[in-house]
Each structure stands twice: as structure tokens, then as C-alpha cells.
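Welcome! Take a moment to look over the sequence and the model before reading on.

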Amino acid sequence: MPESSLVKDICSSSVECRTSPLRQFSQSPLPLHRKPYMLSTFCTENNVQECLSHISQEVSSLGLPPVWTESGSSEMNVVAVLNCMYDLIQLHHRGLRTLENMEVEQLKSSSNVNFLQLTSTRLKEQLEQSKRENMGLLERERQLQLKVKSLQNCLKNEKEEVQKLQNIISSRASQYNHEMKRKEREFNKLKERLNQLLVDKKEKKQAIDVLNSIGRADGKRSLWKTEKTEAKHEGEMYKTLLSDYDTRQRELLLENAELKKVLQQMKKDIVSILSSRKPLLKGDKHQDDGIQADSEEEEEVFDSSKERVELYCVHAREKLTNSIRLQWRRLKSHVERLDSQASLAQMGESKNTDAVSRETHEEEMDRLKLEIQQCKDFIQTQQQLLQQQLSSPCDEETVSLLSDCYMLQEKERLREEWKTLEEQRKIFERERKNFTEAAIRLSHERKAFEEDRATWLKHQFLNLSPFADSKKPPMSKSKSAFLISETKVSAGSAPENLTRCPSNTTSSTPRCVPLTSPSTADLHRTLCLIQENSSTKPKRKAEHAGESSFFFNGNVPVQHKEWNDSEDHSRHTLTKEKNSSI
Amino acid sequence: MNFSEVFKQSNQLCKVSPDGKYLATCVQYRLVVRDVSTLQILQLYTCLDQISHMDWASDSLFILCAMYKRGLVQVWSLEQPDWHCKIDEGSIGLLSSRWSPDGRHVLNTTEFHLRITVWSLCTKAVSYIKYPKACQKGIDFSRDGCYMALAERRDCKDYVSVFVCDDWHLLRHFETETQDLAGLEWSPNGCVLAVWDSCLEYKVLLYSLDGRLLSTYSAYEWSLGIKSVTWCPSSQFLAIGSYDEKVRILNHITWKKVTQFEHPATINNTKAVVYKEVERRPAVGSDDLSLHNITIGTTLFNTQSKYEICPLPVQLPVVKPDPDRANPKIGVSTLAFSSDSRYLATKNDNMASVVWVWDMQKMSLEAVLEQTSAVRCFQWDPQRPRLALCTGNTKLYLWSPAGCVSVQVPTEGGFQVQSLNWHCSGDSLILLGKEQLCLCYMDTDQEDKFFRTSVQVAGMFLF
């Protein structure tokens, strides 16, 4: 506000300045302006000349070209007069305009003055107010100063008081201590006296009444107190102290050794790390050569100190610790550099992956939380049930609930068992299939054998006839043993053989019948047969071990599972394997 | 866990012999000795008056019974029931009585701490030690029984005398730099003597066996100082509990503070497990108002309790002590190391229902047990890191690193466990009620299982 007013002031003043010559100028035309009304009195017929001269004078004084020249004709130069008049009118107009301007200016300035007056009064008020405030503040300051003074006085008083009290306390403490000491002395004196009195007193003396004295715990007799025993006590005391120090020293030695080992290990590690870093450094052009030289030097120091570590000399120790310190520093800087590099690298790449992982983490967390909640609920219900059962063993509801719970558990267990049984059944079934297959094969073989036998018998039969000798050679050699025994028997009783032969053939025919569905007895027999066969098998198996192992690789877990089952089960699997190897 | 039947007892005088074979209990003026395994009464002795103190000799052959009011001490022999010994302190009065470590001498402190009378059962000889100081713990025997340290007061100064227990030869006598000596204790290896000042000044002095001052430790000045001091069984640490609710641990090499354990009201330490005892009033639910409630009515009075593991942070109940009263109930008053020196159990008096267990290897808080009532007594198993505690109710509480469990003492008529003592084998516990006692047998093979299940139970509340 004050600024703007100032600007206005300046503005108005400038206007004033500008108008001041105009005002002077305009003062003269004012009477001129009124003159036309008094024109009648100004010029008459008689004084035209004078008027003319007067006007011309006036006109010239106004700086206009003369209207009329005396030297020329007495007639008025109309053009000049008109020009003059025009000029005058112009002048008049200009005068009027300036007047208007002036009036406006005046109005403005008057309003300005008003405004300034207002502001000045306001400022005056403000001044007054601030003066009042100042007075108030001064008053308050004075009061505060008074207060401070009083408080300082108080403080001083308090300090004095404190000092006094401290003095009192200390004096009291000393007095108290003194009193206490006095009391204690008195007390001691009294004690002494009491002691004396009690000792002197005859009627109720302290006494020991023992039936018969007992031996010492260690079985020894007590010794007289002599200087020797005293020396012995001292010796024993020092012995215990020494042994304590000894054990302590041993412990420290052990600890030291342990720490030294750690130090060595650390040193080795550091050196290995640093040395592995070295080729890298060499490739790295940024590194100063000076540092490298330094590291080499350090290693030298280390190597030399390593030999001397075992000697517990101060020098070596110092060197060792120094080298460790140096290397440690270097390692630290190296690690720090690596860290910064790693962080830089991470900043670039791991931002998005991290975000993804976090999301998955959150998901996982949510899932786990849910699971935990479920588990909690489950546990709570379980606990409730358990507690109820514990607290109320005769409550039927809870019992039923609990039994339900147990039933559930039992059911679950049974279901599991069922599953395992089912699996076992499947396995059995598979085996059974294998067996039947084997049995079929066997029966086929038997059939072939039977046929063989039939042909052989035929031959035999034919041999009995005198003209069949030439047909012997085509018999296979493997059957010769059987053949011989049979021949013996047959030689002994040919008619019997004859009767047996058909019976054999009859027995073979029903054996051909159960080919499709072998009886259990048959199965057993086949089993036995297979087992007999198996006794010859291992060799072959061993031969094929290379291949079979490759083959088994895929089956290993299954095999293990089956092995874990019952014993006959495993036997079955064995045969099964053999079957598969056939 | 099995419990024996309840036996009578008075003055809470019940002790197992040092060899662990016998259990001696006092009932009024009778002393009963039982076999610990069968609880059959082996001997019964009758004293002249109500027994106020009873103690076993170190060889478990003799028992001392003191009748302080009468100034009498009677000693009984287990081997020879006819043998008797009566020590009469006469009109000088008797304040306390104890065995010497060899079990052949009785040390009687007379009234006003006038002197300590040493009675020999071998020679009937009597000797006096004058100027014993009346303080918290003015007498201590080294663990091997060789030396006795005794606090003395002469000419308003504190002294310590070291005696050889063998023949009561004064080995060392030195003045201590204390204002008012409050207690002394030998290190378990018997080579260092810790001496501490009264609570007005925090000061611990450590003296070698030969009287040299090894070190002085003071944590702070002006405010109330030491409340309790305990050596670690390995002599490696000295734990000092003080009125500022802290335990400071000094090491045995430099005698400087290794660490300090604070007892804050709020536990934020994530490594510590806070077990809170939760009382469970049986059968007040909606459906429990049925008939069976009456059948289990007997247990209605015995509220069951269990431990819950509290999620951190935990706010513990704190009682603000009255500042105008002497011996304010604040600060660590009880300290106990486990037998393997692995754990330290502490109790802060303004949190009377809380027991703190600290791990001395990690030097950190291991567990906090918040009970429903103030803890009366706790003691470590002498064989295993297992802490037993009681709070004056019908339950026994056990803590081990595996977990925490509360066991109801199954006796009729509300047996309230006021105090407890471990048998030296750690297989059984003696629970002392107001006028009864009961033995609690730990099944050693079942115990592991037992704790495991308790952990499982506690673990359920983790969720």
C-alpha cells in the first residue's frame, strides 16, 4: 500500500510539474475568454484605430502574425484577420482543453491528497499502536528482568541451601560414622563383657557330652600345631594355587594353539584367494603395478613367517600379525570392490526377475498361510476333542465324537492298507500270469518230451523185434542215460514195460488237457521245476550280467519295493526275474 | 513321573544325605531317617526340643539337630543308633549351627555373633573364633573342604580370615577394602574368594587364596548395589545381581565384565522363548454342566494349568516397589547356574512371577517363564540342565532346553509346594509343603518322551 501510494505521489507530482507552465499560460487567456462578453464596451466606432492597434499589439504579443500593418492600407487584411481569428480560436480551444485537463488533474490530485491524508492518519495510528506495544513490551521486559533477578537470587539461595545441606549431610555422615564406630566399639565392649560374664558363669556352662569320641574322617590322628604344620599348610596352599594356575595356563595354551590354527587357516585361505585373484589383476589394466609388487612382497613375508610361526618369538608373531593385517585389508578392499560391482550388475538385471519372484513368493506365502490356517483349525478341533475326552471321560457325546474321530482315523489307515493290499494283489496277479505262461510253455515242452518218449518207445518196441537194430543211432545222446536204465528195466520185464507204457501215455494225455488252466498242484510242480532249472541258471545270468544290469537299471526301485515285502514274495520275484531272463 | 505318598515334616526340615541314600526329616522334636529308595524308616531319634535346624555330615554318617531356643545341638550317628552327642552352648545362646567339611566338627555361632565355637567330636576339644561379622553370608567353606573363609569385624573395619579346616590353623588374615562387608564366597575351584559390600555400595573384591587382591569391580555408584552373587560351577564366571535389575557377568581372567543381562518388562528378543503359564478352570463351559462335572468335582479346586508360548513382544507384569521402604522389592535376588554351567536362571524381585533362563554360551536370553503366581523357589537338577520351580501352589514346574511343563502333584488335601530339593542323582525331587513332603520320581527313560510331548503341546500354540 505505501509503495503504491508513493508511486501515485510521484506520478501526481510529475503531472503537477508538467502542468505548472500551462497554468501560468492559462491564467492569461482567462480574462481573454471573458472579453467577448464585454466586446460592446471594448470597441466603438470611435476607437477602432486604437482597438486595432491594441489588438494587433495583443496579437503580436501572443506571437501571431500581425493582423493589420499600419504602414499598409488602413483596411483590414481579411485573410490575416481570419487567420488570426482561427489561430485565436485554436488557441482558445487549446486553452479550454488544457483547462479540462487541469481540472481532471486537480481532481486526481485532490483525491490523491485525500488518500495520502488517509494513509498518513492510518500510519499515525499504527505508529501510535506500535508505540503503545513497545511500551508494553518494555514493561514486560522490565518485569521479566525483575523476575530473572529474583530467580537468580532464589538460585543462589538454593545453591547455598544445597551447599548447607551437603555440609550438613557430610557432617551428619561423619557424625553418624563416628557414632556408629563408637556404638560398634561399645557393642564390642559389651560383647567382650558378656563373653567374659558367660565364661565366668558357673551354673550353666557350655558343654559337650559325647558318648565316646569318634575317629577322624580320614582315619588319621590329629597333629600338634607346630611350625612344621604351618609350613605344610603354606605349601599346600601354594600347591593348590599353582595347580590352578597350571591348569589355567594349559587351557590358555590349548586355546592359543586353537587360535593359531585358525589364524594359519585364515592366512592360507587369504593367500589362496589373493593368488587366484592375481592373474585377473594382471589382465586388469586398471590396477597399479605398485599394488601387485606389494602383494608379491607380502606373500614373501608370509612365506618366511610361516616357517617361524612355530617359534613363539615376538618378532615372528609381529610379522605374522602384520602380514595378516595387510592381507586382510587387501582382501577387504577386494571384496568391497566385488560387492560394488555385483550390486551394479544386480541393479541392471535383477530388477524384473526379483519382482516376479516376489510375486511368486507372495503367492506361495498366501498359499502357505491358508494351509497353516487349515492346520491350525484342524489342530484346534483335535485339541478340543482331546481335552473334552480328558476332562469328561463319561460324556457320551464326546465319546461318540471321539470314537467318530478314531473311526475316521481308522478308516484312513484301513484305506491305506487297502491300497497297499491292492498293489500287492496286482503284483501277484502279474506273477500268476507269468506262472501260467511258464506252465503253458512247460506243458508244451512236456508234450514234446512225451512225443519223444513215444517215438522212443516205438523204437524200443521196434528194437524188440530182431530187425530193428539199424535204427538206434538217430537217438539223441542226452537221453542215453535214461535210455540205459529204461532198457535195463525193460530188459528185465518187457511185458511190464508194455503195460506201463500205455499208462504213461494215458497220464500224459490228461496233462495236455490242463494247458489252458493249470491246477495249483501243477503250478507248484512247475514252480519246483523252475527252481530246479534256476540252479543251472545263475551261470547264464552272470554271463548276461552286463546286459541285465543295464536292463535292470530302470527297474531298480520296483525291485527294491518287492524285496521289502514278505519272504516268499521275494522268492516269487526271484523266479519272476528268472522267467524274464529266459 | 511318579509321586510318593505324603509324609509329615515340620519347619521344612528335610534333607537327603550327601551320598543320596538316606532321607532325614524332622517332625517336631523327632528326627526320622528313611531309605530314599524304599522310604522305609531306618532310624528314629528323639531330640530334646523342637528341632529348628538339621544338617547331614559330609560322610552321611552323622546328623546334626539344632534347637536354637534351647541353645542345644544334638548329633546322631546312623551307624550306631545308641551313640549320642549333645552340645550345650549354655546361656551364651545359639544363632546358627553347621558342620565343618570333615564332618567331625560342629561350628556354632553364638547369639549377637559373639564368637564361633568349634566343637570337635573326635577330641571333645573346643575352640573359639572371635569377632565373626553378622552379615548376609559371613562364612564359607571351599568346595574341597580344605579352607574356611570368615568375615570379621574389628575396630570398625572388615577383615577376612582364611582357616585350614583340617586343624583350624589361621592361614591368612587380611583387611578388605569394604565399607560394610555383606558376604563372601569361594570360587568352586577354591582359589578365588569373592567378597562384596553391602547394598549401599556396589563393590566386589576378588582375593586370591593367599590373600592378594586380584581385582575390584564396581558397576555404578550412589544407588543401591549388589543383591546376590553366585559363582559358575566351572569357576569361569561370577554372576552379580543388583538392585538395578541387571546381572553382570565377570570373567575369571581379567575379572572384567563380559556381559550384562537386563530384565526388561517388555521382551522383544526374538531368540528367547516366552512360556506363559495359563490356568484353565475345568468345566465351566456351556455343555459341561452335565453330570460328569460332579464326578470330577475334586479337581475343580485344583485348577489345571499349562504353558503357552507367547508371540513376541511380551509385556511382563511388574510391581513398582515402595520407594519409602527399606530393602525395596526390586532387583535380581536369586541367581543359579545349571550344573553344566550352560544356563543361568535368575529372578527379578519386581517381577516375582517370572524366571529368566540365560544361555551362557550365546550370552543371551534363552527362555522366560511367566508363572501365574510369585515364584517361591527354583533349583537346577544336579546332573542335567533341568530347572525345577514352585510357586506355592499344587503344581511342580520343570524347564529343560527341550521345553517346559507343569505337573499337578497328585495328592489329597491340596499339597502346596513351598520349596523343593533335587536328589543328588537328579532322579527324584523332594517337594516340601507347609507341613508335609512328597517325593517326585523322574522316570529317566520316560523323561525324554515326556518332555518331547510337552514340547509338542507347547508347539501347537505356536500357530
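This is a predicted model: local features need pLDDT of at least 70, side-chain atom pairs count only at pLDDT 80 or more; totals for chains, interfaces and linings use all residues.

## How much the chains share

The size of an interface is often given as the accessible area lost when the parts come together. Here, chain A and chain B bury about 5,000 Å² between them, and carbon and sulfur atoms account for 56% of that area. On the chain A side, 49 residues take part in the contact, while chain B brings 56 residues to it.

## Salt bridges and polar contacts

Three salt bridges link chain A and chain B. One place to look is Arg153(B), which forms a salt bridge with Glu184(A). The closest N and O atoms of this pair are 2.6 Å apart.

## The chain A side

Which elements of chain A give two or more residues to the side that touches chain B? They are helix H5 (78-200), strand S1 (207-210), helix H6 (227-283) and helix H8 (314-391). H6(A) supplies the largest share, with 13 residues.

By residue type, the side of chain A that touches chain B divides into 18 nonpolar, 14 polar and 17 charged residues.

## Strands that pair across the chains

Strand S1(A) also has a partner in chain B: S1(A) pairs with strand S9 (residues 84-88) of chain B in the antiparallel sense, over four bridges. To find this pairing in the model, look for Asp209(A), whose bridge partner in S9(B) is Lys86(B).

Key: Residues are numbered from 1 along each chain as its sequence is written. Chains are lettered from A and ligands numbered from 1 in the order in which they are written. Side-chain values use heavy atoms; hydrogens and water are left out. Contact means heavy atoms within 4.5 Å. Buried area is the accessible area (1.4 Å probe) that two parts lose on being put together, summed over both. A salt bridge is a side-chain nitrogen of Lys or Arg within 4 Å of a carboxyl oxygen of Asp or Glu. Ala, Val, Leu, Ile, Met, Phe, Trp, Tyr, Cys and Pro count as nonpolar, Asp, Glu, Lys and Arg as charged, and the others, Gly among them, as polar. Two strands pair if DSSP finds at least two bridges between them.
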